[in-house]
Amino acid sequence: MFKKHIVLETTDADDIGLIAIHSSVEAYLLAYKFNQHLSTQFVNLTEKDSGVHSQPLFTRFVWEPTEGEDPWELIANQYVMAENTQDDSLLFSIELEKKNYLIDELSEVDFLLKLPSKELVPQKLTAIQKLTQVQFAYAIDKPTIKLNPNLIFE
């Protein structure tokens with residue numbers, strides 16, 4: 001089975017900030033609310049499903065503020081994959097749901113917002129926390145990020 005790696009392109013790992021977001025809404029609605037209240041313009045860049053469920057497809061929205069600046073990325077931390085199991089002792093096949101996490105250590109987090117560290121100011125975090133669709137939001141420490149093999153910073 002393939003491992004899915006999301007490449008978050010930046011010049012230096014110290015130049016990025018990550019915000020963990022707990023929210024029960026769909027990613028498109030969260031991106032829409034960010035566009036309304038944070039003056040962003042997130043665009044859906046989620047990969048299309050090729051019909052083969054060998055690798056998870058994490059929902060991903062990207063906003064590029066201006067030319068030459070690092071983009072903001074809103075990425076779902078989990079992907080639910082349906083698997084059909086056929087057992088000879090069962091009359092019917094059973095469809096099981098398997099959850100894959102982008103960051104296993106943060107399995108309770110619903111979304112990750114990657115933005116330039118200079119933009120990670122208390123006012124932005126407070127504005128995100130004030131959204132009614134967000135239950136909880138906080139900045140993630142850099143040592144947790146650097147140890148994660150799923151996030152590659154180039």
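This is a predicted model: local features need pLDDT of at least 70, side-chain atom pairs count only at pLDDT 80 or more; totals for chains, interfaces and linings use all residues.

Let me begin with a contact between two side chains: those of Glu 73 and Arg 60 are joined by a polar contact of 3.0 Å. A polar contact here is a pair of N or O atoms within 3.5 Å; within protein, one must be able to donate a hydrogen and the other to accept it, and residues adjacent in sequence count only if both atoms are side-chain atoms.

Residues are numbered from 1 along each chain as its sequence is written, and side-chain values use heavy atoms, with hydrogens and water left out.

The contact between Arg 60 and Glu 73 is also a salt bridge, with the closest N and O atoms 3.0 Å apart. The two residues lie in distant parts of the chain, Arg 60 in strand β4 and Glu 73 in strand β5, 13 residues apart. By salt bridge I mean a side-chain nitrogen of Lys or Arg within 4 Å of a carboxyl oxygen of Asp or Glu. Strands (E, at least two residues) and helices (H or I, at least four) are DSSP runs, numbered from the N terminus.

How many salt bridges does a search of the whole structure find? The search finds three. Another of them joins Glu 73 to Lys 114, with the closest N and O atoms 3.8 Å apart. Here too distant parts of the chain are linked: Glu 73 is in β5 and Lys 114 in strand β8, 41 residues apart. Lys 124 and Glu 119 also meet through their side chains in a salt bridge, at 4.0 Å from N to O. Through shared partners, Arg 60, Glu 73 and Lys 114 form one network of salt bridges.

Is Glu 73 buried or exposed? With a relative accessible area of 3%, Glu 73 is buried. The word buried means under 20% relative accessible area, exposed means over 50%, and partly exposed lies in between (1.4 Å probe, protein chains only). Lys 114 is likewise buried, while Arg 60 is partly exposed, at 22%. In the remaining pair, Lys 124 is partly exposed with a relative accessible area of 24%, and Glu 119 counts as partly exposed at 24%.

Six strands form an open sheet in the order β3-β4-β5-β8-β2-β9, with antiparallel pairing. β3 and β9 stand at the edges with a single partner strand each, so one side of each has no neighbour in the sheet. Two strands count as paired if DSSP finds at least two bridges between them. Strand β3 (residues 43-44) is joined to β4 (residues 60-63) by two bridges, and Asn 44 has Phe 61 as its bridge partner in β4. Four bridges connect β4 and β5, where the partner of Trp 63 is Trp 72. Four bridges likewise pair β2 with β9, and His 22 stands opposite Phe 136 in β9.

Next comes helix α1, which spans residues 27-37. Which residues of α1 are buried? They are Ala 27, Leu 30, Ala 31, Lys 33 and Phe 34. These residues cover an arc of only 160° around the axis, so they lie on the same side of α1; the arc is that of the directions from the helix axis to the C-beta atoms. The buried residues of α1 pack against β2, β4, β5, β8 and α2, where contact means heavy atoms within 4.5 Å. Just after α1, Ser 39 takes a positive phi of about 55°.

A search of the whole structure also finds four aromatic pairs. In one of them, the rings of Phe 34 and Phe 42 have centres 6.0 Å apart and planes at 45°, so the pair is tilted. Rings of Phe, Tyr and Trp (its six-membered ring) pair if their centres lie within 6.5 Å; planes under 30 degrees apart are stacked, over 60 edge-to-face, and the rest tilted. Phe 34 counts as buried at 0% relative accessibility, as does Phe 42 at 8%.

Finally, Asp 141 sits in the loop between β9 and α3. Asp 141 is exposed, at 57%. Its C-alpha atom is separated by 8.5 Å from that of Gly 17, 124 residues apart along the chain.
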